[in-house]
Structures are given as C-alpha cells and as structure tokens.
Amino acid sequence: MSKPPLSARLMVWTLVSLLAAPIVITLIYSLAESWGAQILPQGFSAEWYARLWSDSRFLAAFGRSLLVCLAALVLSLVLILPVLFVVFYYFPRLKGLMNLLVLLPFAVPPVVSSVGLLQLYAGGPLPLVGTPWILVLCYFTLSLPFMYRALANNLEAVNLPDLMDAAHLLGAGTTRAFLQVVLPNLRNGLLSALFLAFSFLFGEFVFANLLVGTRFETLQVYLYSQRTTSGHFTSAMVMSYFLFIGLATWVALRLQSRST
C-alpha cells in the first residue's frame with residue numbers, strides 16, 4: 001500500500017482536531033481548579049469528579065436512565081425480531097411499507113408528541129404520566145427505527161430464504177431454524193442496533209423532561225437542573241457521560257470483532 005500524500009494526511013488530522021477540540025477543552029475545564037480570564041487554567045484537580053460521583057442524586061439519575069433504556073431495548077428486541085423475520089420471510093412485499101412505518105416516530109416533533117401523551121395519560125384509566133412506564137414506551141417507539149434499519153440491512157446480507165431452506169432440508173422447524181441459524185447470523189446487526197439505539201436514548205431529554213421530570217429524574221433531567229451551578233461541575237457531568245458512551249462503544253466493538 002502506497003503512503004498517503006501529505007494533503008490527505010492533513011485533511012484527516014484537521015478533521016480529527018476539529019472533532020476532538022471541544023471534548024479536550026471540556027475535559028480540561030472539568031479538571032481545572034479555576035479558569036477565568038487566563039489562557040491556561042490555574043491548577044488541576046479531580047474535585048469536581050469526586051463531588052459528582054459522591055452525589056446520590058446523580059447516581060440515582062444515572063441508574064434510572066440506564067434502567068429505562070435497557071427496558072426499552074429489551075421490549076424492542078422482543079417485538080421487532082419476530083416482526084422482521086415474518087416480513088422478510090413470508091411477506092417481502094411489505095418491506096417498503098415497514099420502512100415507512102418505522103420512520104413515523106421521527107415525523108412528529110417530540111414536543112408535539114409529548115403534549116399529546118400528556119393529554120392521553122395524565123389521568124383516566126391509565127395515569128402513566130410521571131411514571132417510568134410512559135418513558136419506557138416512548139423510548140421503545142424511538143428505538144424502532146434504529147433497531148429495524150440495522151437488523152433489516154443484516155437480514156438482506158445473509159439471504160434469509162436460502163438459510164431457512166437449508167435448515168428445513170436438515171430437519172429443523174421454522175422456530176428452531178430462526179433461533180439456531182438466523183439469530184447467530186444477525187449478531188453484528190444486533191450489536192449495531194443496540195448500540196445506536198442506546199446511545200440515542202441515553203441522551204434523550206425532551207420526553208424525559210416533559211413526561212416525568214423530577215418525579216422520575218433521569219440523567220439528562222439532572223444535567224438540566226444543574227445548568228446554573230459551577231461550569232466545572234457540569235463539565236465533569238458531560239465528560240462522565242461521554243466516557244460512559246465511549247466505554248459502551250469500545251465494548252460493542254470488541255464483541256463485534258470477536259463475532260466475526
């Protein structure tokens with residue numbers, strides 16, 4: 001392989017620098033003891049991180065966000081995997097309709113959807129507003145486009161009809177073939193779908209703030225409530241969130257590399 005020209009390397013490093021600069025500056029600010037009008041901060045300290053991770057309210061909000069996201073993802077998997085299999089194997093003509101339907105959650109702005117949900121579930125037989133259940137159901141609908149698109153691309157690549165025909169010839173029933181033959185071939189798409197959906201849901205704010213607020217305080221609602229506190233403290237929160245997502249990305253990539 002020939003060595004890339006200097007112009008190509010400069011383009012790559014310029015892009016990397018532009019993307020990394022806000023993260024690096026936020027990290028420095030979160031570690032600075034004070035940083036006023038000077039070019040450089042006056043000393044470094046992990047005080048803001050220690051204060052953040054010793055805050056029981058932050059830890060509770062972090063746990064709630066994690067719990068709601070995982071519950072929504074499990075619900076999405078349980079529902080979307082059988083539907084995908086049925087559509088791709090039995091009704092391939094419905095693929096276009098499904099591609100349209102899964103985009104509907106993004107067709108309506110979150111603020112408008114929240115107002116409608118508040119009207120429906122603030123009272124009556126299902127008073128879900130202010131509970132984690134309404135958040136799980138909302139996150140379920142938001143995760144559908146990510147889950148469906150990633151898994152649909154994977155199903156297109158594995159040639160589902162041929163896999164099922166081969167499994168049937170070997171004596172496997174449809175359910176067994178799906179569980180033991182099709183699912184292992186969807187591992188990469190499944191990991192991609194889970195990571196994309198989790199990254200999006202973990203940072204969701206509008207539904208969490210309007211539908212549950214401080215009654216079931218999630219991480220983003222907590223971050224919003226702390227916006228008037230020290231900038232060093234909020235920077236430590238942002239960096240903790242970024243590092244957690246980065247760790248989740250690394251784990252997903254490692255799992256994906258082992259499955260190939």
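Colleague: Which residues in α7 meet which residues in α10?

Modeller: In this predicted model, the α7 side of the contact is made of Y139, L142, S143, F146, M147, A150, L151 and N154. Facing them from α10 are R187, N188, G189, L190, A193, L194, L196, A197, F200 and L201. Sorted by type, the residues of this contact are 13 nonpolar, 4 polar and 1 charged.

Colleague: Thanks! And how should I describe the way two helices pack?

Modeller: The general idea is that two packed helices are described by the angle between their axes and the distance between the axes. Now the case here: α7 covers residues 132–158 and α10 covers residues 187–202. Their axes are 8 Å apart, and the packing angle is about 155°.

Colleague: Why are α7 and α10 called roughly antiparallel?

Modeller: Angles over 145 degrees count as roughly antiparallel. The angle for this pair is about 155°, and therefore α7 and α10 are roughly antiparallel to each other. As for handedness, the crossing of α7 past α10 is right-handed.

Colleague: At what angle do the axes of α3 and α10 cross?

Modeller: Helix α3, residues 56–89, crosses α10 at roughly 140°, and the two axes come within 10 Å. That makes α3 oblique to α10. This crossing, too, has a hand to look for: α3 passes α10 in a right-handed crossing.

Colleague: Which residues does α3 bring to its contact with α10?

Modeller: From α3 come F62, S65, L66, C69, A72, L73 and L77. They meet L190, L194, A197, F198, L201 and F202 in α10. By type, this contact has 12 nonpolar residues, 1 polar and no charged.

Colleague: Let me try single residues. Is S114 buried or exposed?

Modeller: The idea is to look at the relative accessible area, where under 20% means buried. S114 has a value of 0%, so S114 is buried. You will find S114 in helix α6, residues 110–121. Leaving out residues up to four places away in sequence, S114 touches V206, F207, L210 and L211.

Colleague: Where is Q226 found?

Modeller: Q226 is in the loop between α12 (219–225) and α13 (231–259). With a relative accessibility of 11%, Q226 counts as buried. Its contacts, apart from neighbours within four places in sequence, are R57, F233, T234 and M237.

Colleague: Let's zoom out. How many helices and strands does the protein have?

Modeller: There are 13 helices and 0 strands. The protein has 260 residues, of which 34% count as buried. Its C-alpha trace spans about 75 × 70 × 30 Å along the principal axes. Take contacts between residues at least 6 apart in sequence: 72% of them join residues at least 24 apart.

Colleague: And which residues does UniProt list for "transmembrane region"?

Modeller: The unreviewed UniProt entry lists 12–32, 65–91, 98–121, 133–151, 189–212 and 233–253 under that name. Residues 65–91 are 93% helix and 0% strand, with end C-alpha atoms 37 Å apart. For residues 189–212 the figures are 88% helix and 0% strand, with 32 Å between the end C-alpha atoms.

Colleague: What does the record's domain annotation cover?

Modeller: The unreviewed UniProt entry gives "domain: ABC transmembrane type-1" for residues 62–252. In the model that stretch is 80% helix and 0% strand, and its end C-alpha atoms are 20 Å apart.

How values were computed
Residues are numbered from 1 along each chain as its sequence is written. This is a predicted model: local features need pLDDT of at least 70, side-chain atom pairs count only at pLDDT 80 or more; totals for chains, interfaces and linings use all residues. Side-chain values use heavy atoms; hydrogens and water are left out. Axes are lines fitted to C-alpha atoms, for helices over the stretch in contact, and angles run from 0 to 180 degrees between N-to-C directions. Helices (H or I, at least four residues) and strands (E, at least two) are DSSP runs, numbered from the N terminus. Angles under 35 degrees count as roughly parallel, over 145 as roughly antiparallel, 65 to 115 as roughly perpendicular and the rest as oblique. A crossing is left-handed if the near helix is turned anticlockwise from the far one by less than a right angle, and right-handed if clockwise. Contact means heavy atoms within 4.5 Å. Ala, Val, Leu, Ile, Met, Phe, Trp, Tyr, Cys and Pro count as nonpolar, Asp, Glu, Lys and Arg as charged, and the others, Gly among them, as polar. UniProt positions are given in the numbering used here, feature names are shortened, and annotations may be inferred rather than shown by experiment. Buried means under 20% relative accessible area, exposed over 50%, partly exposed in between (1.4 Å probe, protein chains only).
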